[in-house]
Amino acid sequence: MLVISGAMNGAIYGLVALGFVLVYKASAVLNFAQGYMLLLGAYLFWFSRVTLGLPLVAALLLSVGAGFLVGILIERLTLRRLIGQPLISMITVTIFLSLVLEGLVSMIWGTYPLQHVTVFHDSTIRLGRLVLTTQSLLAFGLALSVAGALIAFFRFTRMGLAMRGVAEGHQIVQSMGISVRRILSLSWGLAGIAASIGGILMGGTLGFQLGLSQIGLLAIPAAFIGGLESPEGAVLGGLLIGLSESIVSGYVGNAAGVPAAFVILIATMLFRPYGFFGLERIERV
Amino acid sequence: MLTLSNVEVKYAGVILVLRGVSLQVPEGKIVSLLGSNGAGKTTTLKAISGLLRTELGEVTAGAIEYQGRRIDRLDPEQIAKMGIIQVMEGRKVLKHLTVEENLRLGGYIRPNGEVRRDLERVYGYFPRLRSRRNAVSGYLSGGEQQMMLIGRAMMARPRLMLLDEPSMGLAPLIVREIYEIVRRLSAEERTTILLVEQNAKAALATSELAYVLENGRVVLDGPAAALADNEDIREFYLGLGKLGEKKSYRAVKTYKRRKRWL
């Protein structure tokens, strides 16, 4: 039971971590606003489902599309102007951007948790001693398939190849006629999609509340454990974090769950500084 | 095909690197640009390809025209799409990608359907790349990397290729191989080539026209064969004395002839 619920949360962490990796790979920026892009996505879903009363699929499409646009907008308004400037200033921008996004959300929707709404129809399935909810099964399936689609995009398409090229050197790919700006904004848009879907799914189980942004915090160790450059690693890292969080909080106590994730992160960093699937630095002698 | 008239380039608004460079690259020819370190050769190429603008450089006076259109205000990606591809010096491979991925990216601006055929063409020129197509490019030897970079530029089917020091740090045998490919590119693909080199001997033997750049100015130009016979070029760039015998280092030290053009 613990394993299953852990894996389900883990798939969502993995998806959010994937968004983190996409941005890092293309622009070497750690996007600390990822958790708040997630929050915004979740609230936009709630808004279109409850306030606008849209059917499920329409609400999903609308909020995920909005997440894509938010990602692109953030890139265009802030980071594009900082291309070529020190990385630390970009990272600082993302940290404070997260506060701006949080403020925006609480300004519009208030700071109290919103009325609960499930994403998928909720019913339980029994498999022997296991009790599963359709809600979490569907969330698990959706998170994994979106993550799979993003990885396939990255790996097999021209655009995906261009994104991996941009990750290695902006000037080099510009000399081949590839627009770095377009690729960067695409990677932010995709990160926005991953964050929104993660937020919506988490909102369905935890409720739509400001605390959802914490998932962004858990996605960071997931990305680091997998290796910051590896989309597959991010998903596996997410699963690992989800599992360990749920098992530790089940056997040791609720409070121990989240710190356990960070203990694993620190241990990984000590023994494998590049994470499990990160790119090793190539140095020819 | 390409005309630079009185091009002046400043970095960061204050550092004057090119002080009025004028040169012409006629269609279908190999033109080389010689000069010592810091003469402004690479800057000239970057001014043409637009890459200058990614490093705070700017064309502050003069004009660069390509097929009758001014290109000195365009973005590097626009210029690449017009058919000018630069092979940067220092073997700038995308080192975590495989050889084939590097080549495919080179063909990014081409229609998707033709990438396959262009890959075959590049492998035809560089059989060694075919056997290493799935190798991570960061672990290739220097010669293989340089071949891959030329191949990557070929994937874009450029009409004008800007080659920056393809011989740098390579063994003489490999340099000869690479120059053989450059000649074939010109003869078989009708690619116009602007070549920057410190290896004056290899460059003059390959090209039809040559310019000599010093301190951000063109100081000599003419047919490559004529320059190879020029007394000053022989002395300062080819290291030969009056009668064609190699000079000893002692002679260079004790007597330094004034460069006539200064």
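This tour goes through the two chains stop by stop, with something to select at each.

**Before you start**

The model is predicted: local features need pLDDT of at least 70, side-chain atom pairs count only at pLDDT 80 or more, and totals for chains, interfaces and linings use all residues. Residues are numbered from 1 along each chain as its sequence is written, while chains are lettered from A and ligands numbered from 1 in the order in which they are written. Helices (H or I, at least four residues) and strands (E, at least two) are DSSP runs, numbered from the N terminus.

**Stop 1: colour by confidence**

Within chain B, β7(B) scores highest, at 95, and helix α11 (residues 249-254) lowest, at a mean of 53. Where pLDDT is low, the predicted coordinates should not be read in detail. For the complex, the predictor gives an ipTM of 0.82 and a pTM of 0.83.

**Stop 2: α1 and α8 of chain A**

Select residues 2-27 and 180-206 of chain A. These are helices α1 and α8, whose axes come within 8 Å and cross at roughly 165°. Axes are lines fitted to C-alpha atoms, for helices over the stretch in contact, and angles run from 0 to 180 degrees between N-to-C directions. The two helices, α1(A) and α8(A), are therefore roughly antiparallel. (Angles under 35 degrees count as roughly parallel, over 145 as roughly antiparallel, 65 to 115 as roughly perpendicular and the rest as oblique.)

Now show the contact residues. Those of α1(A) include L15(A), L22(A) and A26(A), and those of α8(A) include I183(A), W188(A) and L201(A). Contact means C-beta atoms, placed from the backbone, within 7 Å. By class, this contact of α1(A) with α8(A) has 17 nonpolar, four polar and no charged residues. Ala, Val, Leu, Ile, Met, Phe, Trp, Tyr, Cys and Pro count as nonpolar, Asp, Glu, Lys and Arg as charged, and the others, Gly among them, as polar.

**Stop 3: α2 and α4 of chain A**

Next, pick residues 34-51 and 87-109 of chain A. Helices α2 and α4 have axes that come within 8 Å and cross at roughly 20°. That makes α2(A) roughly parallel to α4(A). Y36(A) and Y43(A) are among the α2(A) residues here, with E102(A) and W109(A) among those of α4(A).

**Stop 4: where the chains meet**

Show both chains. Here 19 residues of chain A are in contact with 25 residues of chain B. On the side of chain A that touches chain B, α6(A) gives the most, with six residues. That side divides into eight nonpolar, seven polar and four charged residues.

**Stop 5: the open sheet of chain B**

Six strands of chain B form an open sheet with mixed pairing, in the order β6-β7-β8-β3-β9-β10. Strands pair if DSSP finds at least two bridges between them. At the edges are β6 (84-87) and β10 (217-223) of chain B, each pairing on one side only. Zoom in on β9 (residues 209-214) of chain B, which pairs with β10(B) in the antiparallel sense over six bridges. There, E214(B) stands opposite R217(B).

**Stop 6: a hairpin in chain B**

Finish on β1 (residues 2-11) of chain B. Eight bridges join β1(B) to β2 (residues 15-25) of chain B, and the two run antiparallel. Y11(B) has I15(B) as its bridge partner. Three residues lie between the strands of this hairpin, and A12(B) takes a positive phi near 55°.

Definitions and conventions:
pLDDT is the predictor's confidence in each residue, from 0 to 100. Two residues are in contact if their C-beta atoms, placed from the backbone, lie within 7 Å.
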